Amino acid sequence: MNTQALLNNVATINKDNGIFVNAKEFLKELRQVATAVAKPSDHRPNLTFVHVRVTENNLILEATDSHVLERANVAASIPDELVGKEFLIDGKFAKNLSKTPTKYGKTLGVYPQFNDGKYKGIISIVGGGEEFIDNSRGNISVFGYPDLVRVTPYISDATCKFEVKKKEIYPILSEMKKTLSDLRKDSRIVTDVINLKVTKDGRVVISYYGKGNDVTFEPKVDDAQILRTKEIYRHKPEYEVNFNLKFLMKQLRNCGNREQLTFRLNGLLRPFTITRENGGLSLICPIRTF
């Protein structure tokens, strides 16, 4: 939704200095990002918050838990004094708020609180005649949180890429998950790590290899390209990465079925990225298997 359309829908909100967003769009993207951080883990670092950067005409929502990264852009009507600010939204708060996106009306008002330019750890979200307050962060500066620049590979550095619609790849991932679950029940598998290859002849192959129980699928993809052949291992005819199946499924779950997704692989032991049509970015870290 463009800025003028947002302004036309804010008459029912009576606060100053608010950020106004389309409720359905904002909550959909907030939930997509929040899934990366909403569930704490005892096995790896978990930052638990969605980081929000404010630009002149949109909000950049992003989160990472060291294994995955999710980023989305949402159009917004933003007062000049808030441009350049940063704030956090608790992952669980975000996920709960976005469970029923239609109950808040067309427009939400987002009101982060600052003191001398420093985020106070309190944010109010107003819509549908209700106000929801997240004060879980406390009076802690958010600048430099999280260190997304360090963990995000430059898209231009990709060694290979391919495009695919969710409807082409997600059913394959679901079938693979079911197959691996059946193998696990028979005690013939103990991992969710799978392998993704882009071959020299433009095929994409998703596989599990283990104990004689190989599982292989080939989704229908577009524009599969090896971009930098000198980085492919000389003894292999394809480019590949190993990663956790459930991480990829979680990142794709809320994408539209017909949405075109661009996968870019950056190295056997480097994260790979998924770019959405709306400019959103997902990142999944690889898993070493040797």
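Mentor: Start with the network of salt bridges that links Glu29, Glu259 and Arg276. Keep in mind that the model is predicted.

Trainee: How many salt bridges are there by this rule?

Mentor: The count is 8 salt bridges.

Trainee: What makes the contact of Arg203 with Asp201 a salt bridge?

Mentor: The closest N and O atoms of Arg203 and Asp201 are 3.3 Å apart. The cut-off is within 4 Å, so the pair qualifies.

Trainee: Why is Asp201 called exposed?

Mentor: Its relative accessible area is 54%. Exposed means over 50%, so Asp201 gets that label.

Trainee: And why is Arg203 called partly exposed?

Mentor: Arg203 has 35% relative accessibility. Buried is under 20% and exposed is over 50%, so a value in between is partly exposed.

Trainee: How do you know that Arg203 forms a salt bridge with Glu218?

Mentor: Their closest N and O atoms are 2.8 Å apart, and the limit is within 4 Å, so this pair counts. The pair links distant parts of the chain, 15 residues apart. Arg203 sits in the loop between strands E10 and E11, and Glu218 in the loop between strands E12 and E13.

Trainee: Why is Glu218 partly exposed?

Mentor: At 44% relative accessible area, Glu218 falls between 20% and 50%, so that is its class.

Trainee: What makes Arg71 and Glu62 a salt bridge?

Mentor: The N to O distance between their side chains is 3.0 Å. The limit is within 4 Å, so the label holds. Both Arg71 and Glu62 are buried.

How values were computed
Residues are numbered from 1 along each chain as its sequence is written. This is a predicted model: local features need pLDDT of at least 70, side-chain atom pairs count only at pLDDT 80 or more; totals for chains, interfaces and linings use all residues. Side-chain values use heavy atoms; hydrogens and water are left out. Buried means under 20% relative accessible area, exposed over 50%, partly exposed in between (1.4 Å probe, protein chains only). Helices (H or I, at least four residues) and strands (E, at least two) are DSSP runs, numbered from the N terminus.
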